[in-house]
Amino acid sequence: MLKRMILQRLGTSVVSLVLLVTIVFFLIHATPGGPAYSILGMHATPQAVAALNKEMGLDHPIWQQYLTWWEHLFQGNLGYSFTQHAPVASLMGSYLANSILLYLLATLIAILFSILIGMFQGYWAERTPGLLIGAGQIIVYSIPTFFIGVMLILFFAIDVNWFPPGGIGADESFGGGIQIGSYFHHMVLPAVTIALPLTAGLSRYFGHQARSEYRLDYVRTARARGVPPLRIAVNHVLRNAIRPLVTVIGMMIPGIFVGGILTEAVFNYPGLGWLLWRSALEQDYPTLSAIVLLIGVLTILGNLAADLVNSILDVRVRYE
């Protein structure tokens with residue numbers, strides 16, 4: 001049963017990946033004037049456009065360009081950035097490590113605080129502390145990410161001067177001679193900026209799960225037997241309420257990247273989101289499409305991993 005479920009999930013992921021690549025391909029060709037005008041600018045001469053179309057194979061039939069697009073992807077060829085004069089793959093690689101570390105730190109912060117806040121909210125459900133936590137979640141979730149980043153900079157970087165206002169260090173790259181402590185010191189404010197909206201959403205969902213567990217008969221039985229509340233929370237409620245959270249985390253990967261784009265722009269953090277922002281402003285469509293593809297692939301893989309982990313944790317998922 002588990003093997004069949006894994007094959008079904010893999011098949012769905014492959015179909016989603018093919019659709020993603022196809023949509024990105026046709027979106028690039030749907031830009032005004034085609035990819036050549038997007039690269040050279042709308043005031044480019046017809047001779048320059050024709051030369052670039054021939055160089056990039058854009059003068060071939062659309063079906064042939066589509067097959068070539070897939071061939072390049074399998075070879076790891078994501079195109080060439082004419083605005084930054086570098087292959088897109090190497091350009092993304094120099095920023096990817098910064099984003100991965102930032103997003104992992106933000107996700108870890110969000111998960112830890114979501115579990116903690118959700119447990120309190122579930123325990124105090126429909127009472128004043130639980131209602132106050134719910135109101136705070138709605139307020140934090142509704143605040144724009146860039147506004148959270150600006151407020152954190154004003155207070156923690158300017159007023160109290162605890163953290164730097166942006167960047168990641170002198171050479172702007174991890175492992176290039178910069179001290180690890182300084183590197184993570186620069187990541188604290190951007191990570192918290194991304195983590196706060198995630199925490200508001202995840203903790204609210206986890207709070208509902210915890211509240212449902214607290215209402216079940218086995219919890220009431222444990223209370224009647226005199227089991228300490230902390231033991232009930234950790235050994236019973238937390239173990240059962242955390243399983244659905246795995247799926248939600250996989251579905252929130254696009255939200256992490258969206259928050260990361262704005263956050264990296266606010267903090268001038270040299271990551272993939274900052275590169276996406278810059279590529280959009282410069283109309284660097286090869287880099288833009290490659291980053292969108294990467295985000296889509298990571299989203300598909302994240303949802304697949306969440307389904308597999310959830311099926312291992314909960315046998316009922318395999319039969320559903």
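Thr145 lies in helix 7, which covers residues 145-159. The structure described here is a predicted model. The protein has 320 residues, and 39% of them count as buried. Its secondary structure comes to 15 helices and 2 strands.

**Thr145 and its surroundings**

- Thr145 counts as buried because its relative accessibility is 16%, and the cut-off for buried is under 20%.
- Leaving aside residues up to four places away in sequence, Thr145 touches Thr193, Pro197, Gly259, Leu262 and Thr263.

**Thr107 in helix 5**

- Thr107 has its place in helix 5, which runs over residues 88-123.
- With a relative accessibility of 17%, Thr107 also counts as buried.
- The side chain of Thr107 reaches the backbone oxygen of Tyr103, at a distance of 2.7 Å.

**Transmembrane regions in the UniProt record**

- An unreviewed UniProt entry places the feature "transmembrane region" at residues 100-120, 132-158, 183-206, 245-267 and 287-309.
- In the model, the span of residues 100-120 is 100% helix and 0% strand, and its end C-alpha atoms lie 30 Å apart.
- Residues 183-206 are likewise 100% helix and 0% strand, with 32 Å between the end C-alpha atoms.

**Helix 12 and the residue after it**

- Helix 12 consists of 14 residues, 253-266.
- From its first C-alpha to its last, helix 12 reaches 20 Å, close to the 20 Å expected at 1.5 Å a residue.
- Just after helix 12, Asn268 takes a positive phi of about 50 degrees, although Asn268 is not a glycine.
- Asn268 lies in the loop between helix 12 and helix 13, the latter being residues 272-282.
- Asn268 is partly exposed, with a relative accessible area of 47%.

**Asn161 in another loop**

- Asn161 is found in the loop between helix 7 and helix 8, and helix 8 covers residues 180-214.
- Asn161 has a positive phi of about 55 degrees and is not a glycine.
- Asn161 counts as exposed because its relative accessibility is 60%, and the cut-off for exposed is over 50%.

**Aromatic residues**

- A search of the whole structure finds 4 aromatic pairs.
- One of them joins Phe156 and Trp162, whose ring centres are 5.9 Å apart.
- The angle between the two ring planes is 45 degrees, and the pair counts as tilted.
- Phe156 counts as partly exposed, at 24% relative accessibility.
- Trp162 counts as exposed, at 54% relative accessibility.
- Phe155, Phe156, Trp162 and Phe163 form one aromatic cluster.

**The protein as a whole**

- Among contacts in the protein with a separation of 6 or more, 71% are between residues 24 or more positions apart.
- The accessible surface of the protein comes to about 17500 Å².
- Carbon and sulfur atoms account for 68% of that surface.

Definitions and conventions:
Residues numbered from 1 in each chain as written. Predicted model: local features only at pLDDT ≥ 70, side-chain atom pairs only at ≥ 80, totals over all residues. Heavy atoms only, no water. Phe/Tyr/Trp six-rings, centres within 6.5 Å; stacked < 30°, edge-to-face > 60°. Buried < 20%, exposed > 50% of the residue type's maximum accessible area, 1.4 Å probe, protein only. Helix = DSSP H or I, 4+ residues; strand = E, 2+ residues; numbered from the N terminus. Contact = heavy atoms within 4.5 Å. UniProt positions renumbered as here; feature names shortened; annotations may be inferred. Areas by Shrake-Rupley, 256 points an atom, 1.4 Å probe, with all protein chains shown as cover. Polar contact = N/O pair within 3.5 Å; in protein donor to acceptor, adjacent residues only side chain to side chain. Expected span 1.5 Å × (residues − 1).
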